[in-house]
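Open the model in your viewer and switch to a cartoon view. Keep the selection tool at hand.

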Amino acid sequence: MKLLRTALFLLASCHAADAFVSPASRPSPSLTTDSPTSVFLLGRIKRAIKNRVGATNKRARGDGYGPPLDNISEAVGNTPMIKLSDSLCPAGRTIYAKAEFFNPLSSVKDRLALSIIETAEKEGTLKPGQTVIEATSGNTGIAVAMMCAQRGYPCVITMAEPFSVERRKLMRMLGAKVIVTPKAGKGTGMVEKAAELAEKHGWFLCHQFETEANWKFHEATTGPEICNDIASIGGKLDYWVTGYGTGGTFHGAGKYIKANSPDTKIVLAEPGAAALLDSGVATERNEDGSPKGSHPAFAAHPIQGWTPDFIPLVLEQGMSLDLMDDYVSIPDGAAVATAQDLAKKEGILTGISGGATVWAAIETAKKAPEGSTIVCMLPDTGERYLSTPLFASIAADMNEEELKIARSTPSHILEPPSAE
């Protein structure tokens, strides 16, 4: 703690600090080594020291990653932000996309799974060898299966029928048992099934939609990463754009950003076809915070991982903190089209939710003052959507243009089968 107090003088000479409220001007919190404030300050101190010696945050090619990791969970977090080019970003504005597919199992949910398992181990609610169960649209299940494989816990996942088949296969590849629930039950059906199985068999239920371990990890990691990376280039974070699945990223990272960069406007997006928040209708809850039933404003939408058929408790609690400054409704087709543009124009392969978030960021940039900086989230990779509308227009066989190229030289031409 002496380091935190004595090293702050370095920040006075660090130009990056100007974009944020100085720690001295805030109420003095209890400085513990794992508190979000300490995480932020330590990150700022490290960057101040680097700036003083002329170091750069970018590693040169060939430098290596650093010391080998003890296990896969240590690879979670510290994901990069990628600047979008003028082909997508409106002129005079800057959009950075935080690429959560750099996590080991390629989604933001790796953070959630790590936090839930580590918190439960620390609190003693997860016993050695106990089965872990969770309801998921896929990414959380994949991440939980990863953590269970690494820690030696049996894993069972409940998942509603409409979600992509490749997600089921990935979870089974990681050793999980996947229980598919009928489409008619929607998200609440898979949640109810997980709770029923947990009670019947004495399994540990993750409660991703209700647990504080969800948003607190984003407050301690995702939020500081965004603020520290913008500060490292002497920038100012004007807007932060996200959607929601559980609401953990919005709640936790949003809480940290508002505390440390209060002028930043937080923009929350949801599908126009499932405007649960915009409806103003609350979700009725059971005693544990889980939903009692499906929300009346819900309708099926293509943005897998976003907006289940209820308002999660984690999201509701975040909304009660007045974190949201602006709201964006995603129209039909915009998420898929933008995800395809990101692939073809930026070389960034993200999922439908990433396309939705970038679309919201572009719309925000269009209205933002010139010179504004916008950061948005890319929750996962496009490879998780091969059987979804994202790839519906992508053919597996050669088209006429490709056949013409193949026939332009005489060897090794795979002709399509003749129609007879």
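This short tour goes from a sheet to the helices. Keep in mind that the model is predicted.

**Stop 1: the sheet.** Select strands S3, S4, S5 and S6. Together they form an open sheet of four strands, in the order S5-S4-S3-S6, with parallel pairing. Go to the edges next: S5 (177–181) and S6 (204–205) each pair on one side only.

Stop 2: Select S4, residues 155–160, together with S5. The two run parallel and are joined by five bridges. Show Ile 157: opposite it, in S5, stands Val 178.

**Stop 3: a helix over the strands.** H4 lies across S3 (132–135) and S4, and its direction is at about 175° to S4.

Stop 4: Show the side chains where they touch. H4 brings Asn 139, Gly 141, Ile 142 and Ala 145, while H5 brings Arg 167, Leu 170 and Met 171. Sorted by class, this contact has four nonpolar, two polar and one charged residues.

**Stop 5: helix H7.** Select residues 212–220. Which residues of H7 are buried? They are Ala 213, Asn 214, Trp 215, Phe 217, His 218 and Glu 219. Then zoom in on the start of H7. There, a side-chain oxygen of Thr 211 reaches to within 3.1 Å of the backbone nitrogen of Ala 213.

Definitions and conventions:
Residues are numbered from 1 along each chain as its sequence is written. This is a predicted model: local features need pLDDT of at least 70, side-chain atom pairs count only at pLDDT 80 or more; totals for chains, interfaces and linings use all residues. Side-chain values use heavy atoms; hydrogens and water are left out. Contact means heavy atoms within 4.5 Å. Ala, Val, Leu, Ile, Met, Phe, Trp, Tyr, Cys and Pro count as nonpolar, Asp, Glu, Lys and Arg as charged, and the others, Gly among them, as polar. Buried means under 20% relative accessible area, exposed over 50%, partly exposed in between (1.4 Å probe, protein chains only). A polar contact is a pair of N or O atoms within 3.5 Å; within protein, one must be able to donate a hydrogen and the other to accept it, and residues adjacent in sequence count only if both atoms are side-chain atoms. Two strands pair if DSSP finds at least two bridges between them. Axes are lines fitted to C-alpha atoms, for helices over the stretch in contact, and angles run from 0 to 180 degrees between N-to-C directions.
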